[in-house]
Amino acid sequence: MASSLRTELLNVSFGPRMLLDKVSFSVDPGQCWGIVGPNGVGKSTLMKTLSGLVVPDSGKVVVTPSSSTVGYLSQEPDRQVGEDVRAYLARRTGVTAASTALDAATMALAEGTDGADDVYSNALDTWLALGGADLDARIGKTWADLELPEALIDRQMTVLSGGEAARAGLAALILSRFDIYLLDEPTNDLDLDGLARLEEFVKGIPGGVVLVSHDRTFLEHTITHVLEIDEFTHQAKATAGGWTTFLSERAIAKEQAWEDFETYDAKRANLAGRSQREREWATQGVAKAKKKPNDGDKISKNLKMNSSEQLAGKAARTDKAMERLAVVEKPRESWQLQLTIPLRERGGDIVARLTNAEIDHGSFHFGPVNLQITFGDRIAIVGHNGSGKSTLINTLLGRSTLTGGEQWLGPGVVVGELEQARYQLSGRNAQGELTNDTLLEVFMEATGLLVPDARTLLAKFGLVAEHVNRTAASLSPGERTRGVLALLMANGANCLVLDEPTNHLDLPAIEQLEQALDTFGGTVLLVSHDRSLLESVRITRTITMENGQMVLTTC
C-alpha cells in the first residue's frame, strides 16, 4: 500500500508565540511539497512536527499506513562526538534504530515473551525495508559514485569540512529507503554535482516528499506543490503546480488584493464624503430657515425645513450603504531586509597576492597557486566539495600556514566576511567553547556599538527583543546569518568574502543580498553553489578549483 501523510488542524506555539495555526494539508505518493515563508515563520517547526520531534498543541499528523517509515533530514548536519561516517550513514538511514529494535525483538523471542513473534516480524520487516541487509555493500558503491575518498568513511564526522559533511548527508539520503521524506534545507553546502544528484534523487522518489529550501533553481526543478506559511495569520495556503505556478499565482493574488482594497477604500471614501456633505447641507438649511423666515411665509419655511430633513435622511442612508460595504482589509506587507554594506576607504590597487603558494593538510595538497586580486575585482570561486575553495580563501586572508611560496594581503584591506559556518555569532569563545553571552553582548563587542544603536540595527535585520537577549548559541542558522549581515552593515568593508552566503536565508533576504552585492563598490570574493545567485550577481572573473589547483579562470 502506498504511503501518505496528512495534517489535520495543526496548532503549534512556543510560549505565548503562535507559530502554526490550523495547518492542514496532505502529501500523497509522487508529490513533492515545498514549504516557504520568511525566516522564523515556522518552516523548520512544521518539519519537526511532521517527523514527530515536536508535539503539536492540538491537531494531529497521520501517516498511512501506520507502519510507513518517515525520514527526516535536519537543517544542519547532525554530527555526534565519537561517531564515524559509516556509523553516521547507518543512523541517518534509520538502519541503526531498526537494528536495535530487531535485536531487542530477537531477545524477547528467544525468551518466549508473549507477543514476541509479532514484534519480531514487524521489526524484521522494518529493518529489511530500510535496507539494513545490504547497507554495507551499498555504502561502498554510493561512496564511489560520489567520488569521495574511501578513507573518509572511517573518519569522525566532527572533523569533516562543511562540504564533506554535506556530501556525507547526501550519501545518507541516497542510501535511505524511507516511505516519506522530510528534507530541511538539503541543498546547503552541496556543490553543483551534488545538487544535480540531489535533484535526480528527489525527482525519482516514488513516495511523498516535503522539503524546505532557499535554492530557487532546486525548487523550480523538483517541487509539485507549495505550502506557504503566512507570517501574520500563521496559517498555510496550498498551491498545486510547482514553483513557477506558485510565483505567478502569488503575484496575481497580491495584485488582486491591492485592487480589491483600493476599490473598497475608494467607495468608502466616496460615501463618507457624500455623507459629510449631505449632513453639512442639512445643517446649513436648518440654520438658514431659522434665521430667515422669509417675511413670515410659513409654507416656504416648512419647505426648507423638510428639504433639510430629507438631506439628513439621505446622509443616514449613505451611512447605511457604508455599513453594507463588504470590508476589505488592507494587505499587510512583510518585513523586508534593507541591506547596504558601507564601503570603507580603500588601500592600494592590489588587495591580495599569492605567489607559488602551497599548503599541505594531511593527504590534501593545495597549490602551487599564483593569483593576484585587484581592487574592484568581483570573483566567483566554484568547484566540487573538497576542491580547495575555502582553502583558497583562507590562504588569501593569511589564515593558513604555507608550506611553500608567499602570501601578501594589502595593509589597507578591510575584510567583511560571511563564512560558511557563521562562527562570528555562534556564541563560542576563542577556545571554541559555548558561552552564555547574549546576541546583544556578542554583537556589541564585534561592532563597538552602544546598546541603543546595536538594538536598532539588529531590529532592521528582524532580530528584535525576543532574539537579542537570548544566548548567541541558541540562535537558529537563519538568525545567525542575518546577524552576520548586520555585522557587515555595521562595520563596513572594502573587500567582501562570502562563503555560501545564501545558506539559511529566506528568499526575500537573498534578493536583498543580491542587490547589496550589485551596488557594493569594493572587491568581492564569492564562494557559492547557488545557481540563481551566480547568475544574478555581477562577476568579473570565475575561478574553478579542482583537487587544490586553479584549473580554470574565466572572465
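Which residues of α11 are buried? The views below pick that up, after a look at the whole chain.

**View 1. The whole predicted model.** We're looking at a predicted model, where local features need pLDDT of at least 70, side-chain atom pairs count only at pLDDT 80 or more, and totals for chains, interfaces and linings use all residues. Numbering runs from 1 along each chain as its sequence is written, and side-chain values use heavy atoms, with hydrogens and water left out. The protein has 17 helices and 18 strands (DSSP runs: H or I of at least four residues for helices, E of at least two for strands, numbered from the N terminus). Its C-alpha trace spans about 115 × 80 × 45 Å along the principal axes. Buried residues make up 45% of the 555 residues; buried means under 20% relative accessible area, exposed over 50%, and partly exposed in between (1.4 Å probe, protein chains only).

**View 2. Helix α11, residues 389-396.** Here's the opening question settled: K389, T391, L392, I393, T395 and L396 are the buried ones. That's 6 of the 8 residues, so α11 is largely enclosed by the rest of the structure. G398 follows α11, with a positive phi near 80°.

**View 3. E259 on helix α9.** E259 sits in α9, which covers residues 242-291. This glutamate is partly exposed, at a relative accessible area of 37%.
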